[in-house]
Amino acid sequence: MITSRTQVTDMIQSAKILKGIKWSQIAEVVGQSKEWSTAACLGQMAMTKQQAEAVGELLELTDEAIAWLQIVPYK
């Protein structure tokens with residue numbers, strides 16, 4: 001069970017490194033700039049369901065992690 005957005009960020013960074021994926025590749029599937037996509041993956045903004053699912057498929061994230069990507073961060 002995921003209890004914080006930080007855990008999802010850690011999962012994303014780990015998968016990104018293990019798969020050799022660049023932020024620009026993630027941005028391509030998200031459909032936003034590299035900067036926006038990176039910030040969203042690091043938990044600084046929420047993704048749409050479609051964007052979160054695309055990142056989840058690319059990085060092989062769980063459904064729970066994909067749901068967390070759609071939650072508006074507390075700032």
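Guide: We will go from helix to helix and set each value against its definition. This is a predicted model, in which local features need pLDDT of at least 70, side-chain atom pairs count only at pLDDT 80 or more, and totals for chains, interfaces and linings use all residues. Residues are numbered from 1 along each chain as its sequence is written, and side-chain values use heavy atoms, with hydrogens and water left out.

Visitor: Why are the buried residues of α1 said to line one face of the helix?

Guide: Buried means under 20% relative accessible area, exposed means over 50%, and partly exposed is in between, using a 1.4 Å probe and protein chains only. In α1 the buried residues are Arg5, Val8, Thr9, Ile12, Ala15 and Lys16. Seen down the axis of α1, they fall within an arc of 135 degrees, so they line one face. The arc is that of the directions from the helix axis to the C-beta atoms. On the other side of α1, Thr6, Ile17 and Leu18 are exposed.

Visitor: What do the buried residues of α1 pack against?

Guide: Their partners are α2, α3, α4 (49–59) and α5 (63–69). Contact means heavy atoms within 4.5 Å.

Visitor: How do you know that the buried residues of α2 line one face?

Guide: Ile26, Ala27 and Val30 are the ones buried in α2. Down the axis of α2 they fall within an arc of 100 degrees, so they line one face of the helix. What covers them includes α1, α3 and α4. Just after α2 comes glycine 31, with a positive phi of about 85 degrees.

Visitor: Why are α2 and α3 called roughly perpendicular?

Guide: Two packed helices are described by the angle between their axes and the distance between the axes. The axes of α2 (residues 23–30) and α3 come within 8 Å and cross at roughly 95 degrees. Axes are lines fitted to C-alpha atoms, for helices over the stretch in contact, and angles run from 0 to 180 degrees between N-to-C directions. Angles under 35 degrees count as roughly parallel, over 145 as roughly antiparallel, 65 to 115 as roughly perpendicular and the rest as oblique. The pair α2 and α3 is therefore roughly perpendicular. Trp23, Ser24, Ile26, Ala27 and Val30 of α2 make the contact with Lys34, Trp36, Ser37, Thr38 and Cys41 of α3.

Visitor: Why is serine 37 called buried?

Guide: Serine 37 has 0% relative accessibility, so it counts as buried. This serine 37 lies in helix α3, residues 34–41. Not counting residues up to four places away in sequence, serine 37 touches Ala27, Val30, Gln32 and Met47.

Visitor: And what makes tryptophan 36 partly exposed?

Guide: Its relative accessible area is 24%, so tryptophan 36 is partly exposed. Tryptophan 36 is also in helix α3. Beyond residues up to four places away in sequence, tryptophan 36 touches Val30, Met45, Ala46, Met47 and Gln51.

Visitor: Why does leucine 42 count as partly exposed?

Guide: Leucine 42 has 32% relative accessibility, so it counts as partly exposed. Leucine 42 lies in the loop between α3 and α4. Leaving aside its neighbours within four places in sequence, leucine 42 is in contact with Arg5, Thr9, Gln13 and Trp23. Leucine 42 and valine 8 are 34 residues apart in sequence, and their C-alpha atoms are 8.4 Å apart in space.

Visitor: How do you know that the buried residues of α4 are on the same side?

Guide: Gln51, Ala52, Val55, Gly56 and Leu59 are buried in α4. They cover an arc of only 135 degrees around the axis, which puts them on the same side of α4. On the other side, Lys49, Gln50 and Glu57 are exposed.

Visitor: Why is glutamate 60 called exposed?

Guide: Glutamate 60 has 63% relative accessibility, so it counts as exposed. Glutamate 60 is in the loop between α4 and α5. Its phi is near 60 degrees, a positive value in a residue other than glycine.

Key
Helix = DSSP H or I, 4+ residues; strand = E, 2+ residues; numbered from the N terminus.
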